[in-house]
Amino acid sequence: MMNKWTKQLGLIALISTTALLAACGGANGNAPAASPAPSASPGAEQPAAEGGQLADIKKAGVLKVGLMGTYAPYNFLNDNKEIDGFDADIAKEIAKRLGVQAEFAPQEFSGLIPSLQAKKIDVIISQVTITDERKKAIDFSQPYITNQVKVIVQEKNDAITKLADFKGHKIGVGLGTNDETYLRTTVLPEVGDFEIKTYDDVITTLQDLNAGRIDATINNLYALKPVVEKNGFQIKAVGEPIKSDRAGVALRKDNPDLLAAIDEALTGIKEDGTYKTIFVKWFGEEPPAE
């Protein structure tokens, strides 16, 4: 009986030793034909599977672009009921260089970043100003345009020519925009009490300014020109530019593959003359030197 059990235990020990050696690559140090991939250490950055979001976009053949669609000449609905404008052309060109088609998802500006974070869209190309505060929540490409922002008033208004004149007046601004943040956090504490009224689009803002329901607004001249010309608003820009804003393509955090591809596309657009052609098409002048 003892001899039988001794033989069985010896056999089990031999099998266990053989399995252990195989798992370690064999006694002679040769790796087995198929070994599992090593697990990453905790906290180590993991490469995106097959290119991550960029690969998903290429597989779908579509870059879903969020924009306002009411902000001519940047992005708007043309007479053929198609999304058009400077931002739209930039988006189409980026998509082309990624090997896909641009698909537009127009919505109010205040809802764009939430839609991006909810993965309803891939990117935002809608004059989203690059700010440190926004960088906490989203990533940005390199800037693709710089806008000069000025004070806008009725043509007959000579009382407001600068930010200091806002005190005691009603000032209109786009809801959720960098301009709204600027008025609330920078201008209001410096100038003193004035009322801020927010709007979902530029047209309504200028309609109220033209009708005297607000006393002033702030915006850039490129955005105002087509709206003023089309509607015959009696308004004007006054004083020196109060600030310069740089807009970039906005995308979700932690998508380095997509960010690098968009930056590469924008660099190519600028270097091969495509950017100049698009800029002149929509603004009637060459882009300023960077």
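In this predicted model, helix 3 (residues 86-98) and helix 9 (residues 256-271) approach each other with their axes within 9 Å, crossing at roughly 115 degrees. Angles of 65 to 115 degrees count as roughly perpendicular, and helix 3 and helix 9 are therefore roughly perpendicular to each other. Their crossing is right-handed. On the helix 3 side, the contact is made by Ile 90, Glu 93, Ile 94, Arg 97 and Leu 98. Helix 9 contributes Leu 258, Ala 261, Ile 262, Ala 265, Leu 266, Gly 268 and Ile 269. Sorted by class, the residues in this contact of helix 3 with helix 9 are nine nonpolar, one polar and two charged.

Asp 89 pairs with Lys 281, and the closest N and O atoms of the two are 2.9 Å apart. Asp 89 belongs to helix 3 and Lys 281 to helix 10 (residues 274-283), so this pair ties together parts that are 192 residues apart in sequence. Side chains of opposite charge can pair when their charged atoms come close. The structure holds 14 salt bridges, and the one between Asp 89 and Lys 281 is among them.

Helix 7 (residues 202-211) packs against helix 8 (residues 221-231) at an angle of about 65 degrees, and their axes are 11 Å apart. Helix 7 passes helix 8 in a right-handed crossing. The contact brings Val 202, Ile 203 and Leu 206 of helix 7 against Leu 224, Val 227 and Val 228 of helix 8. By class, this contact of helix 7 with helix 8 has six nonpolar residues, no polar and no charged ones.

Eight of them form an open sheet in the order 5-1-6-11-7-10-8-9, and the pairing is mixed. Strand 5 (101-106) and strand 9 (195-199) are the edge strands of this sheet, each pairing on one side only.

Another open sheet has three strands in the order 2-3-4, with antiparallel pairing. Strand 2 and strand 4 are at its edges with a single partner strand each, so one side of each is left without a neighbour in the sheet. Two bridges connect strand 2 with strand 3 in the antiparallel sense. Thr 70 stands opposite Phe 76 of strand 3.

Most residues other than glycine have a negative phi, and most peptide bonds are trans. The bond that joins Ala 72 and Pro 73 is a cis peptide bond, with omega about 0 degrees. Pro 73 is located in the loop between strand 2 (70-71) and strand 3 (75-77). The loop between strand 3 and strand 4 (83-84) contains Lys 81. Phi of Lys 81 is near 60 degrees, a positive value in a residue other than glycine.

Technical notes:
Residues are numbered from 1 along each chain as its sequence is written. This is a predicted model: local features need pLDDT of at least 70, side-chain atom pairs count only at pLDDT 80 or more; totals for chains, interfaces and linings use all residues. Side-chain values use heavy atoms; hydrogens and water are left out. Axes are lines fitted to C-alpha atoms, for helices over the stretch in contact, and angles run from 0 to 180 degrees between N-to-C directions. Helices (H or I, at least four residues) and strands (E, at least two) are DSSP runs, numbered from the N terminus. Angles under 35 degrees count as roughly parallel, over 145 as roughly antiparallel, 65 to 115 as roughly perpendicular and the rest as oblique. A crossing is left-handed if the near helix is turned anticlockwise from the far one by less than a right angle, and right-handed if clockwise. Contact means heavy atoms within 4.5 Å. Ala, Val, Leu, Ile, Met, Phe, Trp, Tyr, Cys and Pro count as nonpolar, Asp, Glu, Lys and Arg as charged, and the others, Gly among them, as polar. Two strands pair if DSSP finds at least two bridges between them. A salt bridge is a side-chain nitrogen of Lys or Arg within 4 Å of a carboxyl oxygen of Asp or Glu.
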